[in-house]
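Subject: Structure handover

Hello,

Here is the structure for you to look through. My notes follow below it.

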Amino acid sequence: MKALVIRSAVVAATGGLIFGFDTAVISGAEKQIQEQFYLSDPALGFTVTTALIGTIVGALVTGRLADVFGRKKVLYAIGVLYVVSAIGCALAPTSSVEILQAFRFLGGLGIGASSVCAPIYTAEIAPPKFRGRLVGLVQFNIVLGILVAYASNAVIRTILGDDANAWRWMLGVMLVPAVLFLVMLPTVPETPRWLAGHGDLTAARATSERLCSTTAEADAQMAEIEESLAAEQGQARTRFYTRGHRKVILLAVAIAFFNQMSGINAILYYAPRVMQDAGASTNAAYLMSVAVGVMNLIATMAALTVIDRLGRRRLMLIGSVGYLISLGFMAAVMFYYESGDRSFDSTSSILVLLGLMVFIASHAFGQGAVIWVFLSEIFPNSIRGRGQALGSLTHWVWAAITSFAFPPIIGAFGGGVAFSIFFGFMVLQLLWVIKVMPETKGIPLEEMAERLGLETETVGATDPLAPKGH
């Protein structure tokens, strides 16, 4: 595998690091933001969630933009959004929370766009036998960004203490990786698949030769690309919502839905609250959050070393079983604690921490490692951008829903009920993996549609899903 392939994958994955950082950094700043802006609880909730609203919009529009303007140009736009968001959030005047919300929304646009574009870019420059590990770098950097956010929050709080501007530094630190991302982007190429799809076969061929280890490998890659493009009759004319694509559409929606119904984002956002509700002190709860972040990173690294050997489906099976064990355990601990039984009062928070560690390891080794790889693989070339966008949109919509619903559910019914709800959905995920989910490891992208039994339709053809009479 050439150094250019690795460098290109690392650069794209840097967008994922900023994605993870921006997702988690608010957990350390939200209390001070509420105080500085004099926000009510609902206003604080909306301010925190403006980034999630941005991710939904970003995921919704980015697939089409990546198909039209190119993967690399969209990555540039993502870097600019991150830079503007970091500067704007750090300098937002406390006289107007709307300005802070607007810049958090821009950062969310970057996150949503990155969740669509970075995996597509990496999948299209990666050799099939290394694709899982290289696309998985995006997920690795997401969890690394989460850990860096927790750690930087802790460092800034240690240095500045209760300084009224500590939250500005927490949010503004994102400027460093964002600028680095923009500086590195000129060193990587556009993908040969996008170039060929837009008629620039000369540039596509030159890029393929730069990425492939041998001329024969480049010849084979270009032949596959040209054959698939000819069969699809042009990327811009391919329909998306057709019966022929129904299988991959449902697969994308299902894996993204189950990803969030595990409770992963809600638990990441509110991990300190969960552990405080189980009896931990405030300081201990934040240190425990860092431990959860470390476990997330370790399990992700482990998954990336085996995803191309064990396959996507097997990792999902292992992760699903781990979800059930950890969520069931945490639900039981919380039910006991909330029942008023204080026989293990001093250890309940430790038990919840152990459950969270198993939970986060299960997620990182299963869903966390697989989702972006799987979404980047299953769609045909002509609709990959739109397919990735659909999966990301589904992911972020349910992230917003679970993040909104988690605190009220805990407040009204307790943590035991919340974890039990997630447990029930993970039972359904296990059944879906066993009965429905296909294996995609090692299959060239140009052969994926045939392996999955898809049929491509173009504009002008009769759409079997269209309403009668139209």
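Helices (H or I, at least four residues) and strands (E, at least two) are DSSP runs, numbered from the N terminus. By that count the chain has 19 helices and zero strands.

Some ground rules. This is a predicted model, in which local features need pLDDT of at least 70 and side-chain atom pairs count only at pLDDT 80 or more, while totals for chains, interfaces and linings use all residues. Residues are numbered from 1 along each chain as its sequence is written, and side-chain values use heavy atoms, with hydrogens and water left out.

Confidence comes next. pLDDT is the predictor's confidence in each residue, from 0 to 100. The chain averages 83, and 90% of the residues score at least 70. Residues 459–470 stay under 50. Where pLDDT is low, the predicted coordinates should not be read in detail.

Now the chain overall. Of its 470 residues, 58% are buried (under 20% relative accessible area; exposed is over 50%, partly exposed in between; 1.4 Å probe, protein chains only). A contact means heavy atoms within 4.5 Å. Among contacts with a separation of 6 or more, 84% join residues 24 or more positions apart. The accessible surface (Shrake-Rupley method, 1.4 Å probe) is about 18,200 Å². Carbon and sulfur atoms hold 66% of that surface.

The aromatic residues deserve a look. Rings of Phe, Tyr and Trp (its six-membered ring) pair if their centres lie within 6.5 Å; planes under 30 degrees apart count as stacked, over 60 as edge-to-face and the rest as tilted. The structure holds eight such pairs. One of them is Phe257 with Trp398: the ring centres are 4.9 Å apart and the planes are at 85°, so the pair is edge-to-face. Phe257 sits in helix 11 (residues 246–261) and Trp398 in helix 17 (residues 384–413), 141 residues apart. Phe257 also pairs edge-to-face with Phe425, at 5.7 Å centre to centre and 80° between the planes. Phe425 belongs to helix 18 (residues 415–435), so this pair ties together parts that are 168 residues apart in sequence. Which residues form the aromatic cluster? Phe257, Phe258, Trp398, Phe425 and Trp432 do. Trp398 is partly exposed at 28% relative accessible area, and Phe425 is partly exposed at 24%.

Last, helix 2 (residues 41–69), where Leu65 lies. Leu65 is partly exposed, at 36% relative accessibility.

Best wishes
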